Amino acid sequence: MPITSAQKTAIEEIINILVATTPPRGKRQLAAMFMDLVDRAGWPEYYEVIPEPRCINGVRASVEKNRYKDPINAYTDLSLVFWNALFYNEPGSQIASDAETLKNVLETEWQKRPVLPTPRHSPPPSSPQKVHGSLPSAPPQFDPSKSTHPTAKPRATAEASGSMATTTHPPPKAAPRRGTPPIQPSSPDMMDVDVQGMSPDPDGQADTTAGPSAGQDRDGDSEAIIRQLEKSLPSWEGFGDLGWMSEVTQERRLEIVVAIKSHKDSVGNRLADALEAVPEEPTSPLLSHQSPLSLNLIEGRVRSTSYVSPKEFDLDMARLFEKGRRWYEPCTEPYGHVLVLQRLYQALTSPSPPAGPPYTSPTHFASIRAGPGTARPLHATADADGVPGITTFRVSTKDRTFVDEVHYKGWTIRLADWLHLSNPDDPSRPIVGHVFKCWISDDVARKGQPGLSICWYYRPEQTFHPAHTQFMDKEVCKTSLFADHPIEDVLEKIAVQFTARHIRGRPRPPFWYPGWPLYVCHSRYNERERVFVKIKNWASCIPEEVRKKDEFMPIYGFERVVYPGKVPSPFVGGGAVKGPGGIGEPLEKAEGEKMEGGGTGRKRTRRNPGAGAGTGEMVAKTGTAPTLPGLVLPAQVAKGYGATGGSGDTKDRSMVTAAGTLSVPPIVDKLPAETTVYFDRSPETNEVLWFAAPPLHVARAPVVTHSLKYLAYLAGKRKEAEGGSAGGNAAHVEESEDNGKGKRQRVRVAPTVSEMMQAAMDVVPL
């Protein structure tokens, strides 16, 4: 029978309720992921698995156009939207959880309306649950403990997405749950967050961000929110088609593989052991390639001339290095060995390969001669250790032509991308860099070769900070240092989120994919003064060309704010590391004083005006706590013992002079208002309570006061003295006999108000 107008209205009401459904906490619309059909071009396997794809907008349009002849047909199509999502996605993922919630809402709201027929609660016949019979089994899990390579050190933690364990066989092409349908960019629940002016906490230092303290993990609920979101994000499709080798002979390919396998470091360690320890089978579902791959397998294909083109060989090597980077924990020695071999491979395949074999390099084949924490400004002279100038404080425009993007080894690198670049000082800690310019060199030596202008971000171990400083997990700090890198220095794409967005969600593709390294930035680091400054205007940290666009690095939002965990300084505790940074206080420079690398000191109020330029350096070495702003006290040392500084201050500040003598008054410095606000004042005198030591908690004696009767007596005496003979109402004159000797006047003073009140109280019985 056809749908009546009442039934049509009821179905439309149910659809509106589904669209408006939100989680208990938050304003995210659960139905946003199910409004439109999955992109067939991006997810062709979805249509191979799902017999009848459905979406909410499609059902709504069919209801409006009266295409349904039976209300049950509309209910079946609406339920298919959620049954399809439950079948295709991993149980427990964000999409599966939302689908289950909306399916229950659909059943409940449908049953509330008597004009609609009774629905079915089991999957419809056209659902994938009925067509395929049951859920597909998950691929077999890989057990690292059974690996044939005992020297392999897999990551101790799970992949960034928290997805299922690694597999030993690639899943079939049409297997469900291999990926997740992409979330539509127009989803209203995942609104773009403006990077300008957002701040998750009040003004303060970089280590005051809300969240767990050092040594404490995030609560399980927060971890579950992160895992659910990252499971639902689209997977990386892999390397692109541009930037590969074009002309490499068969003999040269074999030479490259042999060079990689036989390369040793300066102490004789064979670095290829790290690559050979990675299992040949796929080690993570987040890899771009799910077929068996190893260095020995590539060597066998090269010797048997199985590669048809140089691109196929280049692609396999890129996938091998990707596999090695994901297998080892970052900042470990095997991880660094993989990155050194990758940089060696990229040097051998560059237009200007190094001389060899054997291939040696004091910079681990990086193009720059010093990395973060050790590099000096380009216009500075090399110091006694011969550290060269590398960085600048602005993007150079000399001998180059700027372009929108460059291509290298399947990567398309654009303006404002974040990258891992080869670190000449510590290969296990690649440089975290932000692309500010892409260019093609016009220099004669590198004519036509691409390069990048990179803004460096420092890791905590590359900074100087107090021992009590805490950092967020995977935190980096923006600097004002720029360096030019040739394209061969690029190791991989990564992402860096500013705190305001990191606590609210994860970047959308193509800025980031699950499995890529992800960092968080909260502050700027001034290397010359060793100062951390909290970032308040995030837009000032990105290239100007990107800043002008409507959106930059949009996110998929969490259901609620999730703060990252805190970690202590990398230089304290049992796991202390060695780095170019260290423990120290900020270096204060006097106004106009020259700094290393150029520039002068800031025009700001000094914490100790009497001290010279070297005071800040002394504080950084001794760890002395700074005084309050504006506080000036006499020096507590004898004259001549560090009493003067480099600023020319010759005033005698010894204790003897400050105390004064019979002829010379003592030195009295008045405390400024910005200092006195930190101290208590006397309730009687309103003077600042200033002690040489903390005050004792003693009871104060009450102030001596007089009784009312005594005060009344004093008032009477005062009136008698001022106008006793003036008459009036103040006194009564009486005559009396004085032993018969004559008459005299006696003055009786009128009672005071207090006396009258006391007399009245005495008369009234209690």
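1. N66 is partly exposed, because its relative accessible area is 48%, between the 20% limit for buried and the 50% limit for exposed. The model is a predicted one. N66 sits in the loop between helix 3 (56–64) and helix 4. Its backbone deserves a look: phi of N66 is near 55°. That is a positive value in a residue other than glycine.

2. K474 has a relative accessible area of 47%, so it counts as partly exposed.

3. Now the chain as a whole. It has 766 residues, and 44% of them count as buried. There are 19 helices and 20 strands. How much of the contact count comes from residues 24 or more positions apart? Such pairs account for 70% of the contacts in the chain with a separation of 6 or more.

4. Start the helix pairs with helix 4 (residues 71–88) and helix 5 (residues 94–112). They pack at an angle of about 160°, and their axes are 7 Å apart. Helix 4 is therefore roughly antiparallel to helix 5, since an angle over 145 degrees counts as such. The crossing of these two helices is left-handed.

5. Who makes that contact? Helix 4 contributes P71, Y75, L78, S79, F82, W83, A85 and L86. From helix 5 come I95, A96, A99, E100, L102, K103, L106, E107 and W110. By class, the contact residues of helix 4 with helix 5 divide into 13 nonpolar, one polar and three charged.

6. The next pair is helix 11 (residues 310–327) and helix 12 (residues 333–348). Their packing angle is about 160°, with 9 Å between the axes. That angle makes helix 11 roughly antiparallel to helix 12, which is why the pair can be described in those terms. Helix 11 passes helix 12 in a left-handed crossing.

7. Which residues of helix 11 and helix 12 make the contact? On the helix 11 side they are F313, D314, M317, F321, G324 and R325. On the helix 12 side they are Y335, V338, L339, L341, Q342 and Y345. Eight of the residues in this contact of helix 11 with helix 12 are nonpolar, two are polar and two are charged.

8. R326 also belongs to helix 11. Is R326 buried or exposed? Its relative accessible area is 8%, so R326 is buried; the limit for that class is under 20%. The side chain of R326 has a partner in E492: a polar contact of 3.1 Å joins the two side chains.

9. S428 is in the loop between strand 6 (418–421) and strand 7 (431–441). Setting aside neighbours within four places in sequence, S428 is in contact with P330, C331, T332, Y335 and G336.

10. Two cis peptide bonds are worth checking by eye. One joins P357 and P358, with omega of about -5°. P358 is placed in the loop between helix 12 and strand 1 (376–377). Another runs from P509 to P510, with omega near 5°. P510 is in the loop between strand 13 (505–507) and strand 14 (518–526).

11. Last, L689. The residue lies in the loop between helix 17 (673–676) and helix 18 (708–723). L689 counts as partly exposed, because its relative accessible area is 26%. How far apart are L689 and T676 in space? Their C-alpha atoms are 9.4 Å apart, while 13 residues separate them in sequence.

Definitions and conventions: Residues are numbered from 1 along each chain as its sequence is written. This is a predicted model: local features need pLDDT of at least 70, side-chain atom pairs count only at pLDDT 80 or more; totals for chains, interfaces and linings use all residues. Side-chain values use heavy atoms; hydrogens and water are left out. Helices (H or I, at least four residues) and strands (E, at least two) are DSSP runs, numbered from the N terminus. Buried means under 20% relative accessible area, exposed over 50%, partly exposed in between (1.4 Å probe, protein chains only). A polar contact is a pair of N or O atoms within 3.5 Å; within protein, one must be able to donate a hydrogen and the other to accept it, and residues adjacent in sequence count only if both atoms are side-chain atoms. Axes are lines fitted to C-alpha atoms, for helices over the stretch in contact, and angles run from 0 to 180 degrees between N-to-C directions. Angles under 35 degrees count as roughly parallel, over 145 as roughly antiparallel, 65 to 115 as roughly perpendicular and the rest as oblique. A crossing is left-handed if the near helix is turned anticlockwise from the far one by less than a right angle, and right-handed if clockwise. Contact means heavy atoms within 4.5 Å. Ala, Val, Leu, Ile, Met, Phe, Trp, Tyr, Cys and Pro count as nonpolar, Asp, Glu, Lys and Arg as charged, and the others, Gly among them, as polar.
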